[in-house]
Amino acid sequence: MVAVESTTLNYTSYRQVSSLRLQRIQRHLDKINKPPLLTIESPDGDLIDCVHKRKQPALDHPLLKNHKIQKVPPKMPRGMNVKRDEKMSEGGGGGAWQMWHQNGTRCPKGTIPIRRSTVHDVLRSKSLYDFGKKQRRIPLSRRSDAPDVVSGNGHEHAIAYTGSSQEVYGAKATINVWDPSIQVINEFSLSQIWILSGSFDGSDLNSIEAGWQVSPELYGDSRPRLFTYWTSDSYQATGCYNLLCAGFVQTNNRIAIGAAISPISSYEANQYDITILIWKDPKIGNWWMSFGDSTLVGYWPAELFTHLVDHATMVEWGGEVVNTRANGEHTSTQMGSGHFADDGFGKASYFRNLEIVDTDNSLASVHNILTLAENTNCYDIKSSYSNEWGTYFYYGGPGNNPKCP
């Protein structure tokens, strides 16, 4: 794990990096690391800055200059119970919380927790421009019925998805949390919900995403972390992970986006999961996110988007990895738990209780989903239904193995 250091530069530590580049990095860090009222050191080494909510990065966005922060959405989806606070539940199928809470400290009222970015974080990325952004996926081959799934750039998936051209106003799922092994530092493994609209072939795809990810390049370790992402131009220039650029408006003082989730699931032992709901407030049009048992985290303002100003046309749930084929063969970066879907509960990773928000602003169970995995010898998916879990699926895999060269 990379140690967290102050954003004040120690030039002797970076002799191999030009002073001009370090100065550019420092200017960027000064922009995104807002002055905290309090800083909390997490047991994993992260620094969590408690920043006044009106000083958060989102409000630097040119479209949000006069934005008035909403405390709560005017209208909640029918079937949702909102809680301002909650405690972690433990045991099999229990909810997972965050590592920085372990010392009992939280950010004061009126502030939001932000994971501090460091020089090391930026230096691990390809460039300052690429820091905090997803690599754009170039479609070399793709299935027309699952438009956002492409086999270019090494991105591989095991997902469930709704049919295209529907009017969808949100999605929900409970997601099993693991710590998949990542072979190469610039690979990642994530499990998330995608809210999508726009052209999948062009440059105007709108996407809102949230879930957990393991990304050594982004975070400097192999812990699963709560993350968000957004883009309004197919991952080209807009959007970023978490709060690493202006956009997502956070309202919660206890959940740090980008912070490690704890505890996590173990093979044939306790299972831990997180519940995420993303939905469009029908009155003002912002896209809200809740975490756990309906605890409001914040929202993506409608002004950020083009197509998602109206509604989503597709929802996806599932896993994604990047396989760089660094040694000329498929890497052993794992998806989910690293086990195939057929291994089932306690071994394979799962999504359960899949729901969408419909045109009436109501949570509705998903009964007809499609599934896709590009290479089932590396990662696969298997969906089912039960009264307790509703529509659910197991997914994942080990990557490199005798059948996945």
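On one side of helix 1, Arg27 and Lys31 are exposed, exposed being over 50% relative accessible area, buried under 20% and partly exposed in between, with a 1.4 Å probe and protein chains only. Bear in mind that this is a predicted model, where local features need pLDDT of at least 70, side-chain atom pairs count only at pLDDT 80 or more, and totals for chains, interfaces and linings use all residues. Residues are numbered from 1 along each chain as its sequence is written, and side-chain values use heavy atoms, with hydrogens and water left out.

Back to helix 1. Its buried residues are Leu22, Ile25, Gln26, Leu29 and Ile32. Part of what covers them is helix 2 (119–124), going by contacts, meaning heavy atoms within 4.5 Å. The length checks out too: helix 1 runs over residues 19–32, and at 1.5 Å a residue its 14 residues should span 20 Å, which agrees with end C-alpha atoms 20 Å apart. That expected span is 1.5 Å times one less than the number of residues.

Now zoom out. The protein chain has three helices and 21 strands, both taken from DSSP runs numbered from the N terminus (helices H or I, at least four residues; strands E, at least two). Of its 405 residues, 59% are buried. Take the contacts between residues at least 6 apart in sequence, and 73% of them join residues at least 24 apart.

Next, the aromatics. A search of the whole structure turns up 18 aromatic pairs; rings of Phe, Tyr and Trp (its six-membered ring) pair if their centres lie within 6.5 Å, and planes under 30 degrees apart count as stacked, over 60 as edge-to-face and the rest as tilted. Take Phe227 and Tyr241: the ring centres are 5.7 Å apart and the planes at 70°, so the pair is edge-to-face. Phe227 lies in strand 10 and Tyr241 in the loop between strand 10 and strand 11, so the pair ties together parts that are 14 residues apart in sequence. Both Phe227 and Tyr241 are buried. Phe351 and Tyr395 are edge-to-face as well, with centres 5.4 Å apart and planes at 70°. This pair links strand 17 to strand 21, 44 residues apart, and Phe351 and Tyr395 are both buried. Elsewhere, Phe345, Tyr350, Trp389, Tyr392 and Tyr394 form one aromatic cluster.
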